[in-house]
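Thanks for coming, everyone. Let me put the model on the screen, and then I'll walk you through it.

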There are 2 protein chains.
Amino acid sequence: MELQSRNSCFGGEQAVYTHASDVCGVDMTFAVYLPPQASSRSVPVLWYLSGLTCTHENAMTKAGLQQHAAVYGLALVFPDTSPRGDSVADDEAYDLGQGAGFYLNATQAPWKPHFQMYDYVVKELRGLLQGALPINDSHGITGHSMGGHGALTIAMRNPTRYGSVSAFSPILNPTQSDWGRKQFSSYLGDDECTWAQHDATVLITENGWHGDILIDQGADDQFIDLLRPQAFAEAAAARRQPCVLRTHANYDHSYFFVASFGEDHVAWHAERLHGMS
Amino acid sequence: MELQSRNSCFGGEQAVYTHASDVCGVDMTFAVYLPPQASSRSVPVLWYLSGLTCTHENAMTKAGLQQHAAVYGLALVFPDTSPRGDSVADDEAYDLGQGAGFYLNATQAPWKPHFQMYDYVVKELRGLLQGALPINDSHGITGHSMGGHGALTIAMRNPTRYGSVSAFSPILNPTQSDWGRKQFSSYLGDDECTWAQHDATVLITENGWHGDILIDQGADDQFIDLLRPQAFAEAAAARRQPCVLRTHANYDHSYFFVASFGEDHVAWHAERLHGMS
């Protein structure tokens, strides 16, 4: 881990690191916030997965989560959304290729050698951090849009690795959406059976979640037709999945929305990860 | 209004009255709680509509709402769930006839002359109370099970009369449920077009609600298949209806569930009716 920057922030420390990723086959950059509590003990971790076009930097600078993490004593990790660089395949569209990894392991050319964001987040980066930072084994996961999709699908496929999950404006039913079908076809191929494990609505129906789930959605979200919250809402209710699904008047898809409800999410994870509310 | 009983309760007063109802054509009994604030000024009103088999008494004695109403300064009104008496039609089943009015105006024999609970709640009882008690024009409405159905459908059909709405374990899609189809057929006849205005899922799709909606549901509700929360959840999300839909692990359909989340509902209405949270 090579330190790129370090800034004091709400009594803790906001850092950016680069490291050589074996899984993705290129150097990867991520941001991590350590709250003041981490100076004296190991703290739980909240992963924040970002949306299309984002790097590690967007949420770090715009979501305002550090102030709440400092109060509740959580570390924050902000991974990138894809591998990057001249050696990495890309597409002209904003929603495919670099900046659009969809938190899956690509099986198709030209994506396969680098686009392994599922393994990167679930295994490699977690392992790297566990040895290098004052964090403990309690991990929660959240994210926005494509990152909300990542948070929900990763949590439901790895229930023993995560103690809490939430999402802001997540892509909830990508197998039935233009934010999903195009990418899954490219990354995973045309056998739609392989897509299901990356669809939160399918997973909530088949796997469910061992705890409760918090999802916030803006009613004026300009991308809501691509997110399909109605599909997940129906499936969660049909399963009797413990959850809190909130639709907020006037809010859109932006980071202003994420910031407005960020404290609720940090508090949600803190309560479930170390009983602090 | 003939006073039947009066009890001091959390610094306010819990009373039961009987009156001759023009709309229902028989004497009707209801309960009303006035918080301590009502001794010096008029207060907003929260209507609580009860479920199948209940009278005015069940929630009054088991929901524990008075303690919260006393803090938040709301009056509570608990109407009966149907007309009653030897002159009133009935059925051997618990879910039709007396105790099962479904908050509609029956158009079919033998129910029509007495089963006019929609007009009774929306118009007659409200008018009666407005002149007799220290309440103001800010009214919210909630209820449990069949009463949650009543609260949601009455609110959505009368948006100018109610400033807030919530429900506990409501019957949400009665036109597609055995808690609904049987009763609507009996009370309203076989023309299903007349049923739609008594179905919260239809109304949320067609009318929506001018504010936000709070609904709490127990995941272990023994009647959940009859309530169809998944239908409403899908419709509300598709409409982008501002709302908070919560599914709570382990809770069932009982008044223990209502009591457990009663404070949240009283606070919800208080904030929307007079800006107190």
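This is a predicted model: local features need pLDDT of at least 70, side-chain atom pairs count only at pLDDT 80 or more; totals for chains, interfaces and linings use all residues.

Residues are numbered from 1 along each chain as its sequence is written, chains are lettered from A and ligands numbered from 1 in the order in which they are written, and side-chain values use heavy atoms, with hydrogens and water left out.

First, symmetry. Chain A superposes on chain B by a rotation of 180 degrees, with 0.0 Å of shift along the axis and an RMSD of 0.0 Å. The two copies are thus related as by a two-fold rotation axis. Both copies use the same surface: 100% of the contact residues of chain A recur in chain B.

Next, the interface. How many residues of chain A are in contact with chain B? It is 20, and they meet 20 residues of chain B. Contact means heavy atoms within 4.5 Å. The buried area is about 1,600 Å², with carbon and sulfur atoms giving 60%. Buried area here is the accessible area, 1.4 Å probe, that two parts lose on being put together, summed over both.

Across this interface the rule finds 2 salt bridges. The cut-off is a side-chain nitrogen of Lys or Arg within 4 Å of a carboxyl oxygen of Asp or Glu. B:Asp225 and A:Arg240 meet in a salt bridge, at 3.7 Å, N to O. On the chain A side, helix 7 (224-227), helix 8 (229-239) and strand 9 (243-248) each give two or more residues. Helix 8 of chain A has the largest share, 6 residues. Helices (H or I, at least four residues) and strands (E, at least two) are DSSP runs, numbered from the N terminus.

Stay on helix 8 of chain A. Is this helix mostly covered or mostly open? Mostly covered: 8 of its 11 residues are buried. Buried means under 20% relative accessible area, exposed over 50%, partly exposed in between, with a 1.4 Å probe and protein chains only. Among the buried ones are A:Phe232 and A:Gln230. The buried residues pack against elements of chain A, including helix 4 and strand 9, and against helix 8 of chain B. Just after the helix, A:Arg240 takes a positive phi of about 65 degrees.

Now salt bridges overall. A:Arg246 pairs with A:Asp216 at 2.6 Å, N to O. That pair links strand 9 and strand 8 of chain A, 30 residues apart. A:Arg246 is buried at 16%, and A:Asp216 is buried at 0%. In chain B, B:Arg84 bridges to B:Asp80, with the closest N and O atoms 2.7 Å apart. B:Arg84 is partly exposed at 28%, whereas B:Asp80 is buried at 5%.

Last, two loops. A:His144 sits between strand 6 (135-143) and helix 4 (146-157) of chain A. A:His144 is buried, at 5% relative accessibility. Its contacts, beyond four places in sequence, include A:Tyr48, A:Phe168 and A:His253. B:Pro134 lies in the loop between helix 3 (117-132) and strand 6 (135-143) of chain B. B:Pro134 is partly exposed, at 30%.

How values were computed:
Copies are superposed by least squares on the C-alpha atoms of residues with pLDDT of at least 70 in both.
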